[in-house]
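I'm jotting things down as I look them up.

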Amino acid sequence: MQSTSRPDNVSPQSLRKIIHVDMDAFFASVEQRDNPELRGKPVAVGGSSKRGVVAAASYEARQFGVKSAMPSSRALRLCPDLIFVRSRFDAYREVSRQIREIFARHTDLIQPLSLDEAYLDVTHDKQGIGSAIKIARAIRAAIAEETGLTASAGVSYNKFIAKIASDQNKPDGMCVILPEQGPDFVASLPVRRFHGVGPRTAEKMAKLGIETGADLRAKDQIWLIRHFGSWGEYLYQAARGIDDRPVNPDRTRKSIGGERTYFDDKQSETELRSALDEIIATVWDRIENCEAAGRTVTLKLRYADFQTLTRSQSAGHMIRDRAEFAAIGHQLLGTILPAKMGIRLLGLTLSNLAGADGQEENDNGQAHFIFDDIEN
């Protein structure tokens, strides 16, 4: 990233050197590394019971359509030879620690998003290498040598594009998007590649004639805000390759949660409670992973007409037990049953945290997961 040229719609403060590093199928890869018998085989980390959920899938399993947050029963139907292994978060945390030590050799501006991915601002790198491309190569090589695992990287001038680029050549790949390439790169993307655009939002956009970044860029900000609310402002900037958010390593997380948007609206109590169980399983794994506890549980849902509703309940003590977290979640769900219409989105969050390690937060200090994008 030696070029200093700047397209008209990229602000001067955006001329930074940002790397997004994302481990490849992290949990499953650790399991395959530590157990040679699993190598080359379809592996899922998670429970194999009827109520189990896939926390991570190896690339061999992904070839059959198995992915994170999928019910284990469905994963087994897609891949009858799927091998389930229980999660070992102590092992994953130890590898994550090794990876962050590698990052820290190059910069102190490290913003972890999870155990397996992080943003790095290497505009002023410690070793004076001066090239984000060379730094990304050095980091990936060190990770491979010191952990026996592979990582993919995106290198660009802002966080939005660097994150998309890290997924471009997975697994074990790297993609570089220079400032003068950013707007055209974004224009060529399907809108479903934009952060936060799930299947239902992509479907809504398609009905509005928006299928690519170029289609999105053709809309003015007022139009986007009218159709997508405050999120329209983000879309307007992103469609032009603009993202001035800093890489921020010093934030305190406020909550851990996750949500899922469904292809088909859910309305019956049975399917809603089953859907909530899947969310509870995945979110609680994240809570345990971060060694966190909290006092407040919040249920979020969005009806078919896009009306959004939240319900919260606070305990007089720290919630440290999955059963209690699940019970409160189901109690909150019970307050809206029977559902007056189909529900297109469901989410659950634990907040008022204590004991969290500061990982996996979003730009509001929240560790919040869109389940379609838990692990790349």
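I started with the surface: the protein chain exposes about 16300 Å², with 48% of it from carbon and sulfur atoms (Shrake-Rupley method, 1.4 Å probe; for residues, only the protein chains shown count as cover). Caveat for myself: this is a predicted model, where local features need pLDDT of at least 70, side-chain atom pairs count only at pLDDT 80 or more, and totals for chains, interfaces and linings use all residues. Residues are numbered from 1 along each chain as its sequence is written, and side-chain values use heavy atoms, with hydrogens and water left out.

Next, burial: of the 376 residues in the protein chain, 55% are buried (under 20% relative accessible area, 1.4 Å probe, protein chains only).

Then I went to Thr147, which is in helix α5 (residues 132-147). Buried or exposed, I wondered about threonine 147? Threonine 147 counts as buried because its relative accessibility is 5%. Its side chain reaches the backbone oxygen of Ile143 at 2.6 Å, and a polar atom of that side chain lies 3.2 Å from the backbone nitrogen of Leu149. Leaving out residues up to four places away in sequence, I found Thr147 touching Arg33, Val95, Gln98 and Ala142 (contact: heavy atoms within 4.5 Å).

Last, helices: Arg33 in α1 is among the residues that meet α4, and Val95 is among those on the α4 side.

How values were computed: Helices (H or I, at least four residues) and strands (E, at least two) are DSSP runs, numbered from the N terminus. Buried means under 20% relative accessible area, exposed over 50%, partly exposed in between (1.4 Å probe, protein chains only). A polar contact is a pair of N or O atoms within 3.5 Å; within protein, one must be able to donate a hydrogen and the other to accept it, and residues adjacent in sequence count only if both atoms are side-chain atoms.
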